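Subject: Structure handover

Hello,

Here is the structure you are taking over. My notes on it follow below.

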Amino acid sequence: MTQADSQNQPLHQPVLYHQIIHALHPFSPGLYVDGTVGAGGHAWGVLDACQPEGRLLGLDLDPQALEIANQRLSVFNPRVTLVQASYATLLEQMRRLGWQHVNGIMLDLGVSSIQLDRPERGFSFLSDGPLDMRFSPEQPTTAEEMVNTFPEADLADLIWRYGEEPQSRRIARAIATARPLYTTHELAEVVSRATGGRRGRLHPATRTFQALRIAVNQELQTIETVLPLAVKALAPGGRLAVLTFHSLEDRIVKQFIRRESKDCICPPEQPDCTCQHTASVIDITRHPIVATEEEKLDNPRARSAHLRIAEKR
Ligand SMILES: C[S@@+](CC[C@H](N)C(=O)[O-])C[C@H]1O[C@@H](n2cnc3c(N)ncnc32)[C@H](O)[C@@H]1O
């Protein structure tokens, strides 16, 4: 089967698809985890490549995404298992299947088009919807709650830290003055007014929306948690492929792989090693893999994508 198979409708166009499948080089009877299975695009490629006996465990917090993945990947049953769970629980989910180690793990850390295109999910300011932004409906805090209850200083801090937004204080003040706010359009308008409207390529609310989404879903903390667990889950020679979409996530992944690929992590000025650290991975991509100009034109989501790969020693 090929990627263009009729089962593989482009609801969400997977980014750096061939590069990820190539990096994981799936084989039969290998075991694989897709921690962010989404619409199943990358998972499809792995399942296709590890025929006839390779298996894949797909995790996602979003039940709507899992429903789509389930339909699309059913052609590979019984080699695929899908579970609504955070990738931070991957060791537990593997244990349930009786898997001790796996041969490849992938994490595609963006928002899927399925989520962006549904106004009721509240991820996008391009359409009007409630200020939700949760990947899982079971998560307790929504963006609406943050926007309407956080003290102004905490909002400013959040927008600065997770959105790298230079006008965070001004935006937080405008939100605090205008609230309560209930919809994506209301919030986008308040931010646009506070910042004087569009200047460059980005919509003025882009960074604020990114910051709220990261905070609502505790994205950076979850990435920090999963990386050592993923290395633990891999069999020697197994590969971890992580696709990030902004510098905050990429920095965490880059620093983790750099550190874990060194035998000593003592400060460089220290003459003798006292850390007793040993490298657990090989850094396969010293520089991240990025999309070609052709892919960027075809799929704007690919513009900011960085793919990093580590191999378990
Ligand atoms: C960019 S999409 C993945 C798309 C997928 N690679 C494909 O080809 O269709 C990212 C997915 O990660 C999910 N997600 C975000 N945080 C998660 C977490 N902590 N655990 C599991 N899934 C998560 C989102 O719900 C979303 O469906």
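**Backbone and loops**

At 41% relative accessibility, His25 counts as partly exposed. His25 sits in the loop that runs between H1 and E1, and its phi is near 25°, which is a positive value in a residue other than glycine. The model is a predicted one, so please read all of this as a description of a prediction.

The loop that holds His25 also holds Pro29, between helix H1 (17-24) and strand E1 (31-34). The peptide bond from Ser28 to Pro29 is cis, with omega near 10°. There is another cis bond from Arg179 to Pro180, where omega is near 15°. Pro180 belongs to the loop between helix H8 (168-178) and helix H9 (184-195).

Glu164 also has a positive phi, near 50°, and is not a glycine. Glu164 is in the loop between helix H7 (152-163) and H8 and is partly exposed, at a relative accessible area of 34%. For background, most residues other than glycine have a negative phi, and most peptide bonds are trans.

**Overall picture**

The protein chain has 13 helices and seven strands. Its radius of gyration is 20 Å, close to the 20 Å that the globule rule gives for 313 residues, so the chain is as compact as a globular protein of that length. Along the principal axes, the C-alpha atoms fill a box of roughly 60 × 60 × 40 Å. Of the 313 residues, 52% count as buried. The chain exposes about 14900 Å², with carbon and sulfur atoms supplying 51% of that area. Among contacts with a separation of 6 or more, 71% are between residues 24 or more positions apart.

Mean pLDDT is 95, and 97% of the residues reach 70 or more. Residues 1-9 have a pLDDT below 50; this stretch has 20 contacts in the model beyond near neighbours in sequence.

**Cores**

The largest nonpolar core has 59 residues, and Val33, Ile105, Ile175, Leu187 and Leu227 touch the most other members. Helix H11 (residues 219-233) gives the largest share of this core, seven residues. Another core, of 29 residues, lies apart from the largest one and includes Leu16, Ile20, Tyr32 and Phe245.

Glu219 is in helix H11 and is buried, with a relative accessible area of 5%. Beyond neighbours within four places in sequence, Glu219 is in contact with Tyr87, Phe135, Arg213, Ile214 and Glu249.

Gln115 is in helix H5 (residues 113-116) and is buried at 4% relative accessibility. With neighbours within four places set aside, Gln115 is in contact with Asp62, Arg121, Phe123 and Phe135.

**Cysteines**

How many disulfides are there? The count comes to zero. The closest cysteine sulfur to that of Cys264 is in Cys273, 3.6 Å away, which is too far for a bond, since a disulfide needs the two sulfur atoms within 2.5 Å. Cys266 is in no disulfide either, as the nearest cysteine sulfur, that of Cys264, is 3.7 Å away. Cys264 is partly exposed, at 32% relative accessibility, whereas Cys266 is buried, at 14%.

Regards

Note on methods:
Residues numbered from 1 in each chain as written. Predicted model: local features only at pLDDT ≥ 70, side-chain atom pairs only at ≥ 80, totals over all residues. Heavy atoms only, no water. Core = buried A, V, L, I, M, F, W, Y, C linked by side-chain atoms within 4.5 Å. Buried < 20%, exposed > 50% of the residue type's maximum accessible area, 1.4 Å probe, protein only. Helix = DSSP H or I, 4+ residues; strand = E, 2+ residues; numbered from the N terminus. Rg over C-alpha atoms; globule rule 2.2 N^0.38 Å. Contact = heavy atoms within 4.5 Å. Areas by Shrake-Rupley, 256 points an atom, 1.4 Å probe, with all protein chains shown as cover. pLDDT = per-residue confidence, 0-100.
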